[in-house]
Amino acid sequence: MAQWALARLLELPTPVRDLGQALHWYTQLAEQGAPAAMEAVGLAHYLGRGTAEDPAQAAQWFRRAGNAGEVASQFILAAHRAARGWSP
């Protein structure tokens with residue numbers, strides 16, 4: 001999980017914050033099937049961290065993470081579906 005550790009370090013404000021690189025490493029892990037990384041990629045797209053805000057892309061990643069057992073992603077999808085009509 002060196003990729004996870006590197007991505008987490010790149011999110012910190014010091015010594016070098018690079019949200020784009022953090023997203024790159026989270027995406028690499030997510031594509032390898034890591035549910036927590038899928039959720040991190042969803043959050044990055046939802047919040048515009050390292051990329052432009054993209055609710056549709058965020059919903060796709062949250063759905064993948066939720067299907068893989070990430071409860072927080074399931075909650076995020078359910079909450080947005082109820083509040084905003086998200087339909088991933």
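This is a predicted model: local features need pLDDT of at least 70, side-chain atom pairs count only at pLDDT 80 or more; totals for chains, interfaces and linings use all residues.
Does Ala59 count as buried or exposed? At 3% relative accessibility, Ala59 counts as buried.

**Helix α2**
- The 13 residues of α2 should span 18 Å at 1.5 Å a residue, and the end C-alpha atoms of α2 are 18 Å apart, which agrees.
- Ala22, Leu23, Tyr26, Thr27, Leu29 and Ala30 are the buried residues of α2.
- These residues cover an arc of only 160 degrees around the axis, which puts them on the same side of α2.
- The cover over the buried residues of α2 includes α1, α3 and α4.

**Helix α4**
- Helix α4 comprises residues 55-67; at 1.5 Å a residue, its 13 residues should span 18 Å, in agreement with the 18 Å between its end C-alpha atoms.
- Buried in α4 are Ala58, Ala59, Trp61, Phe62, Ala65 and Gly66.
- Among the elements that cover the buried residues of α4 are α2 (19-31), α3 (35-47) and α5 (71-84).
- Gly69 follows α4 and has a positive phi, near 105 degrees.

**Helix α5**
- For α5, 14 residues at 1.5 Å a residue should span 20 Å, and the end C-alpha atoms are 20 Å apart, which agrees.
- Ser73, Ile76, Leu77 and His80 are buried in α5.
- They cover an arc of only 95 degrees around the axis, which puts them on the same side of α5.
- An α-helix has 3.6 residues a turn, so residues three or four places apart point the same way.
- Val71, Phe75, Ala82 and Ala83 are exposed on the other side of α5.
- The elements that cover the buried residues of α5 include α3 and α4.

**Glu39 in helix α3**
- Glu39 belongs to helix α3.
- Its relative accessible area is 14%, so Glu39 is buried, the cut-off for burial being under 20%.
- Not counting residues up to four places away in sequence, Glu39 touches Phe62, Ala65, Glu70, Ala72 and Ser73.

- In soluble globular proteins, nonpolar side chains tend to be buried together.
- The largest nonpolar core has 15 residues, of which Tyr26, Ala30, Ala37, Met38, Val41 and Trp61 touch the most other members.
- At least two residues of this core come from each of α1 (2-11), α2, α3 and α4.
- Another core, of five residues, lies apart from it and includes Ala59, Phe62, Ile76 and Leu77.
- Leaving aside neighbours within four places in sequence, Tyr26 is in contact with Trp4, Ala7, Arg8, Glu11, Ala37, Ala40 and Val41.

**Largest pocket**
- The largest pocket holds about 210 Å³ of space.
- Its lining consists of 15 residues, and the closest to its centre are Glu11, Tyr26, Ala40, Leu43 and Ala44.
- α1, α2 and α3 are the elements that give two or more residues to the lining of the largest pocket.
- With six residues, α3 gives the most to this lining.

Definitions and conventions:
Residues are numbered from 1 along each chain as its sequence is written. Side-chain values use heavy atoms; hydrogens and water are left out. Helices (H or I, at least four residues) and strands (E, at least two) are DSSP runs, numbered from the N terminus. The expected span of a helix is 1.5 Å times one less than its number of residues. Buried means under 20% relative accessible area, exposed over 50%, partly exposed in between (1.4 Å probe, protein chains only). Contact means heavy atoms within 4.5 Å. The arc is that of the directions from the helix axis to the C-beta atoms. A nonpolar core is a set of buried Ala, Val, Leu, Ile, Met, Phe, Trp, Tyr and Cys residues joined through side-chain atoms within 4.5 Å. On a 1 Å grid over the protein atoms alone, a cavity is a set of points where a 1.4 Å probe fits but cannot get out, and a pocket is an open set with protein on both sides within 12 Å along at least five of seven lines; lining residues have an atom within 4 Å of a point. Grid points are joined across faces, edges and corners, and a volume is the space filled by probe spheres set on the points.
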